[in-house]
Amino acid sequence: MAMTTIADQAGGVTVGIDTHGEVHVAAVLDERGRLLGTESFTTDSTGHRRLERWACQFGAIDAVGIEGTGAWGAGVARHFTASGHRVVEVDRPDRKTRRQRGKSDTIDAEAAARAVQAGTAAGTPKARTGRIEAIRALRVARRSAIKARSQAALQLHCLVSTAPDELRDQLRTLPLADLVAVTARFRPGNPADPTQATKAALRSIAHRYQQLTTELENLDAILAPLVAETAPNLVALNGVGTDVAGQLLVTAGDNPDRLHNDAAFSHLCGASPIPASSGRTNRHRLNRGGDRAANAALYRIVLCRLRWDPRTRHYVERRTKEGLTKPEIIRCLKRYIAREIYQELNHLPVDHP
């Protein structure tokens, strides 16, 4: 992709960036929406500086629209933010737009810039430069360890269910903790024998389960004080523990001020009611979008409060008498809790440069 002739610009220019693993593609539009140039750059810090210098040749940068700020575009978004430019998070075009205009890196970069100019893209990306980014990284490791440990536990039970009769009768009634402890102490013999081979397999998986348990304990020992120090008032809320608070912090990001109000945070968590009215029917439906992990965190808070919080139980009784179903009541509770969580997130100290 060759750079077009650079012309003097009276107003600011808008940059659109289509991000990839190895190469970022940038497009520059003038204030009237005319395409001034396109170019490709590497995804390292040198490429980020070259991209900025190239874009500045067309004029002062008014805004930078970046697709994928939470993945491949995280580095270039941090660079332009640190340089003092306004960075806008751009969603990928919908399928209808792609069918009409086609698909290429240049087209996507230009579409990102036009989305910023049209105002259809106005979201502020996460800063990813403070404590909450550290919490996110640790939670990635913790989540994968939980998934691997669950898989190991399932494999243990599957091997026991298909083991030779004598071994199966010995192990099938044991709870998981005892099963891991017993199989980890096995001393298998000849691997050509099915019973001994099964013992060897069970011993290997049990050791893996124990290692993952130790890894989880180490990660929790790091995360618990970090989350409590970052948001002590959030952890103190009824039904909010380290895991739930960590997820809600990661959803909001290091710059929760980018969320303008509690409705925006509720929508981000998929807990805002969606209008579904037609004709004489006036109703709302469940929002199935947003961050599903954050939605699950709100659901866990609801479950805790349904069991232990008298105010929540009184609310459920009142709304049940009004004719609401249990799913509808839980949706309402999620929305109220999202408002409460937002108030705490909105008072977090800004922890990024």
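Me: What covers the buried residues of α2?
Reply: This is a predicted model. Helix α2 spans residues 74-82, and its buried residues are Ala74, Val76, Ala77, His79 and Phe80. The cover over these residues includes β1 (13-18), β2 (23-29), α1 (45-56), β4 (61-67) and β5 (87-90).

Me: Where is Arg128 found, and is Arg128 buried or exposed?
Reply: Arg128 is found in the loop between α4 (105-118) and α5 (131-161). Buried means under 20% relative accessible area. Arg128 has 15% relative accessibility, so the word is buried.

Me: What is the phi of Arg128?
Reply: Most residues other than glycine have a negative phi. Arg128 is not a glycine, yet its phi is positive, at about 60°.

Me: Are α7 and α8 roughly parallel or oblique to each other?
Reply: Helix α7 runs over residues 176-184 and helix α8 over residues 194-230. Their axes come within 8 Å and cross at roughly 120°. Roughly parallel needs an angle under 35 degrees, and roughly perpendicular needs 65 to 115. The two helices are therefore oblique.

Me: Which residues of α7 and α8 make the contact?
Reply: α7 passes α8 in a left-handed crossing. From α7 come Leu176, Val180, Thr183 and Ala184. From α8 come Leu202, Arg203, Ala206, His207, Tyr209 and Gln210.

Me: What is the relative accessible area of Ser266?
Reply: Ser266 lies in helix α11, residues 262-268. Leave out residues up to four places away in sequence, and Ser266 touches Ala271, Ser272, Arg335 and Ala338. Ser266 is buried, and its relative accessible area is 0%.

Me: How far from Arg331 is the nearest side chain of opposite charge?
Reply: Arg331 sits in helix α14, residues 326-345. Arg331 is buried yet has no salt bridge. A salt bridge needs a distance within 4 Å. The nearest side chain of opposite charge is Glu328, and the distance is 6.1 Å.

Me: Which residues are in contact with Arg331, leaving aside neighbours within four places in sequence?
Reply: Arg331 belongs to helix α14. Set aside its neighbours within four places in sequence, and the contacts are Ala271, Pro273, Arg285 and Leu286.

Technical notes
Residues numbered from 1 in each chain as written. Predicted model: local features only at pLDDT ≥ 70, side-chain atom pairs only at ≥ 80, totals over all residues. Heavy atoms only, no water. Helix = DSSP H or I, 4+ residues; strand = E, 2+ residues; numbered from the N terminus. Buried < 20%, exposed > 50% of the residue type's maximum accessible area, 1.4 Å probe, protein only. Lys, Arg positive; Asp, Glu negative; His and termini not counted. Contact = heavy atoms within 4.5 Å. Axes fitted to C-alpha atoms, helices over the stretch in contact; angles between N-to-C directions. Parallel < 35°, antiparallel > 145°, perpendicular 65-115°, else oblique. Left-handed = near helix turned anticlockwise from the far one by under 90°.
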